[in-house]
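The reader may wish to keep the coordinates open while following the paragraphs.

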Amino acid sequence: MIIDLTSEKNFVPHFEFSIGGDELDLENEPLKIKNGVDVEGDIKKGIAQTEISGKISARVVLECTRCLTEIEQDLEFPFDADFVNSEHFLDAKETELSEGDLGVAVLDDEKVDFNELVREQILLNLPEQVFCRENCKGLCEKCGANRNLIDCKCKEKEIDPRWAALKDLK
């Protein structure tokens, strides 16, 4: 969904829509969108800068960080995005950026691609680690078995090579 900020008749300060997961180009990312993504928010258009703020919510499928089991989770978070017209953006190569400048994107043609904005915000707001349960045991480093499901006994079979000669004394 692309919104043209120069069109006065099509411009609405409040938006609310849903995007299908297949429209966000997330095939190579560590999540799957379950149903769709709900987006709502407001657009504040200024002379040089446009501010878009709102809330994104979706049901996603992620992998457990330890055992790689798929987990369904609700994502819901606020977002803020600022866009500046290209003529108002500094072209100087040696300009010092402030912390506020890092969240500003440059618009070349006064159009905002909401699919790309939503995709970017979802990826930025994914949790770093997701666990299927608090005490997840993860995968066995030797055989790769899910230690939550089976006890593979790889630790018991392993003998420290420094003590291996003593095993033969029995």
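The paragraphs below treat the nonpolar core, the aromatic contacts, the salt bridges and the surface in turn. The model is a predicted one.

In soluble globular proteins, nonpolar side chains tend to be buried together. Here the largest nonpolar core has 31 residues, among which V37, I52 and I122 touch the most other members. Two or more residues of this core come from each of β2, β3 (31-45), β4 (49-63), β5 (70-85) and α1. The greatest contribution is that of β5, which supplies six residues.

Aromatic contacts come next. The structure holds three aromatic pairs. In one of them, the ring centres of F15 and F114 are 5.0 Å apart and the planes meet at 65°; because edge-to-face geometry requires an angle over 60 degrees, this pair is classed as edge-to-face. F15 belongs to strand β2 (residues 14-20) and F114 to helix α1 (residues 114-124), so the contact ties together parts of the chain that are 99 residues apart in sequence. Both F15 and F114 are buried. F114 also pairs edge-to-face with F17, with 5.6 Å from centre to centre and 90° between the planes. This second pair again links strand β2, through F17, with helix α1, through F114, across 97 residues. F17 is buried, as is F114. Together, F15, F17 and F114 make up one aromatic cluster. A further contact of a ring involves a charge: the charged end of R66 sits over the ring of F131, at 4.2 Å from the ring centre.

Charged side chains also connect separate parts of the chain. Six salt bridges are found in the whole structure. One of them joins E29 and R119, with an N to O distance of 3.2 Å. E29 lies in the loop between β2 and β3, whereas R119 lies in helix α1, so this pair ties together parts that are 90 residues apart in sequence.

Other salt bridges run between strands. K32 and E70 form one in which the closest N and O atoms are 2.9 Å apart. Since K32 is in strand β3 and E70 in strand β5, the contact ties together parts 38 residues apart in sequence. K32 is partly exposed, at 47% relative accessibility. The side chains of E76 and K55 meet in another salt bridge, at 3.6 Å from N to O. This pair links strand β5, which holds E76, with strand β4, which holds K55, over 21 residues. E76 is exposed, at 58% relative accessibility, and K55 is partly exposed, at 32%.

I159, W163, L166 and L169 make a nonpolar surface patch of about 460 Å². V12, in the loop between β1 (2-4) and β2, is partly exposed, at 42% relative accessibility. The C-alpha atoms of V12 and I43 are separated by 7.6 Å, although these residues are 31 residues apart along the chain.

Terms used:
Residues numbered from 1 in each chain as written. Predicted model: local features only at pLDDT ≥ 70, side-chain atom pairs only at ≥ 80, totals over all residues. Heavy atoms only, no water. Patch = residues over 30% accessible without salt bridge, like charges linked within 9 Å, V, L, I, M, F, W, Y side chains within 5 Å. Areas by Shrake-Rupley, 256 points an atom, 1.4 Å probe, with all protein chains shown as cover. Salt bridge = Lys/Arg side-chain N within 4 Å of Asp/Glu carboxyl O. Phe/Tyr/Trp six-rings, centres within 6.5 Å; stacked < 30°, edge-to-face > 60°. Helix = DSSP H or I, 4+ residues; strand = E, 2+ residues; numbered from the N terminus. Buried < 20%, exposed > 50% of the residue type's maximum accessible area, 1.4 Å probe, protein only. Lys NZ or Arg CZ within 6 Å of the ring centre and 35° of its normal. Core = buried A, V, L, I, M, F, W, Y, C linked by side-chain atoms within 4.5 Å.
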